[in-house]
Amino acid sequence: MSTVNPLDAWAPPSARPEPHQLEPGHRGRIVVTIDVPEGCHLQSAQPAEPFLIPTSVELEAPDGVTIGEAVYPPAEHEHYEWTPVVLSIYRGTVEVVVPVEVATGVPPGPLSIVGRVRFQGCTEYTCLPPVELPVEVDLSIVPPDGPASS
Amino acid sequence: MTITTEATIEGSYELGEVVADFELPATSGDRLRLSDHRGHPVLIFFTTTWCPYCSAEAPFLEQEIWQRYRDAGLQVLSIQVKEGEALAASFAQHHGWTFPVLFDEDGTVSGRFAPDKEGLPPEVAVINAHFVLDADGAVVYRDFLNMERFDARASHVRAVLDELLGAAS
């Protein structure tokens, strides 16, 4: 049995924009990161069985921003002694990439994008209830031909 | 009658202890009381819809436990821990369960059966646990999630039921 309460081991997900600055009319992406503690795993975005909770990222589009479909990393497929089903899981650092596009009319300035990350974590000894955690990322909209444009 | 012996596990019903009566809603639309089944052995199985161990064991519960022992007088009660009616019913339908499925939305009843496990909340610690009660409602067998193969765990339960029901299977 783990000596650590597994519910205490999960850090909140984080998110970063790539690039950090975007011009109106340009595309970028938001990278949402879930750090899975050592010895733990998540059900992947496409779990092996119904009712298991898929890892999912949903971002809310502010005015003038289009949010694309999230791209999830490839899953690992693991067989456990206690089930004939080969489970589809994530371990380690899980990065989910969400495309974003800023409309031409968006004024320069800071822009916050919020969303939710949902996943079901497991240790090697038990599975934990599904959680839904908030995530937020700050974009900087710069004038056309501004610094570090995409 | 106590069939198995084991070291004390804190925070749960002990072997030989009579389980306090409870009443929970069932996916059938009824409200069921444990005491409705006094006079019959009862297997209580704690599950959630998102529990992969529970899904792995689900066919065994129906085929190797319920169908095998129901005519001998066994009552199986599945308790969905902190789940609502719709998900509980969908899970039962998916697995073809024909025994009663109760749902314990706030986890209060389930928590009474939960062992103290490394800081896990009771509703997690009790998932995938089996309790076999004799006709008087006393615990004669219990086990908790332990990564043993689901079919091996089911065979342990069957051994208990064979003895309890006079090898009626």
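**Figure 1. Surroundings of A:P24 in the predicted model.** A:P24 counts as partly exposed, because 18 C-beta neighbours lie inside 10 Å; the model shown here and in the other figures is predicted. The position of A:P24 is in the loop that runs between β2 (21-22) and β3 (27-35) of chain A. Apart from neighbours within four places in sequence, A:P24 is in contact with A:V102, A:A103, A:T104, A:G105, A:V106, A:I141 and A:P144. A:P108 is 84 residues away from A:P24 along the chain, yet the C-alpha atoms of A:P24 and A:P108 are separated by 8.0 Å.

**Figure 2. An open sheet of four strands in chain A.** The strands of this open sheet follow the order β7-β8-β4-β11 (chain A), and their pairing is antiparallel. At the edges stand β7 (76-79) and β11 (121-122) of chain A; each has a single partner strand, so one side of each is left without a neighbour in the sheet. Strand β4 (residues 41-43) of chain A is joined to β11(A) by two bridges, and these two strands run antiparallel. A:H41 has A:C122 as its bridge partner in β11(A). Strands of a sheet pair through backbone hydrogen bonds, in either a parallel or an antiparallel way.

**Figure 3. Chain B as a whole, as a guide to the views that follow.** Chain B contains five helices and seven strands. Read from the N terminus on, its elements run β-β-β-α-β-α-β-α-α-β-β-α. The C-alpha trace of chain B spans about 35 × 35 × 30 Å along its principal axes. A compact globule with 169 residues would have a radius of gyration near 15 Å, and the 14 Å of chain B agrees with this. Of the 169 residues in chain B, 44% are buried. Among the contacts in chain B between residues at least 6 apart in sequence, 68% join residues at least 24 apart.

**Figure 4. The two sides of helix α2 of chain B.** Helix α2 (residues 85-95) of chain B has as its buried residues B:A88, B:F91, B:A92 and B:H95. Seen down the axis of α2(B), these buried residues fall within an arc of 95°, so they line one face of the helix. They pack against α1 (52-69), β4 (75-81) and β5 (101-104) of chain B. B:A86 and B:Q93, on the other side of α2(B), are exposed. Just after α2(B) comes B:G96, which takes a positive phi of about 70°.

**Figure 5. The largest nonpolar core and B:V132.** The largest nonpolar core has 81 residues, of which B:L43, B:F46, B:I127 and B:V132 touch the most other members. α1(B) gives the most to this core, with seven residues. Nonpolar side chains tend to be buried together in soluble globular proteins. Leaving aside neighbours within four places in sequence, B:V132 is in contact with B:P41, B:L43, B:V140, B:Y141, B:V157, B:V160, B:L161 and B:L164.

**Figure 6. The side of chain B that touches chain A.** Here 18 residues of chain B are in contact with 20 residues of chain A. On the side of chain B that touches chain A, the elements that give two or more residues are α1 and α2 of chain B. α1(B) supplies the largest share of this side, four residues. The residues of this side of chain B divide into 11 nonpolar, four polar and three charged.

Notes. Residues are numbered from 1 along each chain as its sequence is written. Chains are lettered from A and ligands numbered from 1 in the order in which they are written. This is a predicted model: local features need pLDDT of at least 70, side-chain atom pairs count only at pLDDT 80 or more; totals for chains, interfaces and linings use all residues. A residue is buried if 20 or more other C-beta atoms lie within 10 Å of its own, exposed if 12 or fewer, and partly exposed in between; C-beta atoms are placed from the backbone. The arc is that of the directions from the helix axis to the C-beta atoms. Two residues are in contact if their C-beta atoms, placed from the backbone, lie within 7 Å. A nonpolar core is a set of buried Ala, Val, Leu, Ile, Met, Phe, Trp, Tyr and Cys residues joined through C-beta atoms within 7 Å. The radius of gyration is taken over C-alpha atoms; the globule rule is 2.2 Å times the number of residues to the power 0.38. Ala, Val, Leu, Ile, Met, Phe, Trp, Tyr, Cys and Pro count as nonpolar, Asp, Glu, Lys and Arg as charged, and the others, Gly among them, as polar. Two strands pair if DSSP finds at least two bridges between them.
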